[in-house]
Amino acid sequence: MLPLGKSVAQEKRRHQRVKVSLLGRYMLADRREFPCQTLDMSPGGVSLVAPVAGRPGDRVVAYLDHLGRVEGIITRVIPNGFSMSVAASARKRDKLAAQLTWLATRHVLGMPEDRRHDRIEPRNATTVLVIEDQEVVCRVLDVSLSGAAVAVEARPPIGSMVTVGRTAARVVRHIENGLAVEFTRPQNREDLEEQFGT
């Protein structure tokens, strides 16, 4: 029996969604894998930006940075992705709630999140961005050992593999005038100096 004044919809979403941007991969019921990024999440569900959505009711397994494996059922298709339930024991849900609270608090307090390395403004800012065998001239706004921000008109989907200069990277988000990318492997300072004059 629901408490007075509490709707079924309110009861259904027992956990508050936290806006959190985590990278990961997911596997659909047909075993195809794709990159993804979280939009928001609670211990009971998550919304993902994803290139292929699957169908409501299909089983899905996701591996998310900082959180590990989560599995559940696709509950609905949203623009550029889908929402899924999270099937977990009460103990696992409590752990997820604590992790999400920590991630959200860290963001609010301005603590370092995925920006593991200092960003540097390059002296040689003009370079080439390769998107699916197409070369586009771009400007590197800032660069670190783990990623870069690039001013470019092209908007490849989040999760797309690109090459910045000669460094392989993955698009992690769209910014006002371009893209933020994460290098597929951490760089060393000598490579960055040679490529971008950092």
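# Strands, cores and rings

Visitor: Over how many bridges do β11 and β12 pair?

Guide: β11 and β12 pair in the antiparallel sense, in what is a predicted model. The two strands form a hairpin with two residues between them, and G165 in the turn has a positive phi of about 65°. The number of bridges over which β11 and β12 pair is four.

Visitor: How many bridges join β12 to β13?

Guide: β12 and β13 also run antiparallel, and a hairpin of two residues connects β12 to β13. Across this pairing, R170 stands opposite E182 in β13. The bridges that join β12 to β13 number six.

Visitor: Is T167 buried or exposed?

Guide: T167 belongs to strand β12, and once residues up to four places away in sequence are set aside, T167 touches V162, F183, Q187 and Q195. The cut-off for the class is under 20% relative accessible area. At 5% relative accessibility, T167 therefore counts as buried.

Visitor: What relative accessibility does T127 have?

Guide: T127 has its place in strand β8. Leaving aside neighbours within four places in sequence, T127 is in contact with V136, V137, C138, V140, V164, G165 and F196. T127 counts as buried, and its relative accessibility is 14%.

Visitor: Within what arc do the buried residues of α3 fall, seen down its axis?

Guide: Helix α3, residues 189-196, has L192, Q195 and F196 as its buried residues. Seen down the axis of α3, these buried residues line one face of the helix, because they fall within an arc of 70°.

Visitor: Which exposed residues does the face of α3 turned away from its buried side carry?

Guide: An α-helix has 3.6 residues a turn, so residues three or four places apart point the same way. The buried residues of α3 pack against β8, β9, β11, β12 and β13. On the face turned away from that buried side, the exposed residues are E190 and E194.

Visitor: How many residues does the largest nonpolar core have?

Guide: In the largest nonpolar core, the residues with the most contacts inside it are Y26, M41, L64, L67 and F82. The elements that give two or more residues to this core are β3, β4, β5, β6, β7 and α2. A second, separate core has 19 residues, including I131, V143, A169 and V171. The largest core itself has a residue count of 24.

Visitor: Which residues does M41 touch, not counting residues up to four places away in sequence?

Guide: M41 is one of the residues with the most contacts inside the largest nonpolar core. Not counting residues up to four places away in sequence, M41 touches Q16, R17, V18, V20, V46, L64, L67, V70, V86, L96 and L100.

Visitor: Which aromatic pair is tilted?

Guide: A pair of aromatic rings is described by the distance of the centres and the angle of the planes. The count of aromatic pairs comes to two. With 5.6 Å centre to centre and 35° between the planes, the tilted pair is that of Y26 and F34.

Visitor: What is the angle between the ring planes of Y26 and F82?

Guide: The rings of Y26 and F82 have their centres 5.3 Å apart. Planes over 60 degrees apart count as edge-to-face. The pair of Y26 and F82 is therefore edge-to-face, with its planes at 70°.

Visitor: How many residues apart in sequence are the parts that the pair of Y26 and F82 ties together?

Guide: Y26 is buried at 1% relative accessibility, and F82 is buried with a relative accessible area of 0%. F34, which together with Y26 and F82 forms one aromatic cluster, counts as buried at 16% relative accessibility. Y26 lies in strand β2 and F82 in strand β7, so the pair ties together parts whose separation in residues is 56.

Visitor: What percentage of the residues of the protein count as buried?

Guide: The protein has three helices and 13 strands, and its accessible surface comes to about 11700 Å², of which 51% belongs to carbon and sulfur atoms. Among the contacts with a separation of 6 or more, 49% are between residues 24 or more positions apart. Of the 198 residues of the protein, the share that counts as buried is 42%.

Key:
Residues are numbered from 1 along each chain as its sequence is written. This is a predicted model: local features need pLDDT of at least 70, side-chain atom pairs count only at pLDDT 80 or more; totals for chains, interfaces and linings use all residues. Side-chain values use heavy atoms; hydrogens and water are left out. Buried means under 20% relative accessible area, exposed over 50%, partly exposed in between (1.4 Å probe, protein chains only). Contact means heavy atoms within 4.5 Å. Accessible areas come from the Shrake-Rupley method with a 1.4 Å probe; for residues, only the protein chains shown count as cover. A nonpolar core is a set of buried Ala, Val, Leu, Ile, Met, Phe, Trp, Tyr and Cys residues joined through side-chain atoms within 4.5 Å. The arc is that of the directions from the helix axis to the C-beta atoms. Rings of Phe, Tyr and Trp (its six-membered ring) pair if their centres lie within 6.5 Å; planes under 30 degrees apart count as stacked, over 60 as edge-to-face and the rest as tilted. Two strands pair if DSSP finds at least two bridges between them.
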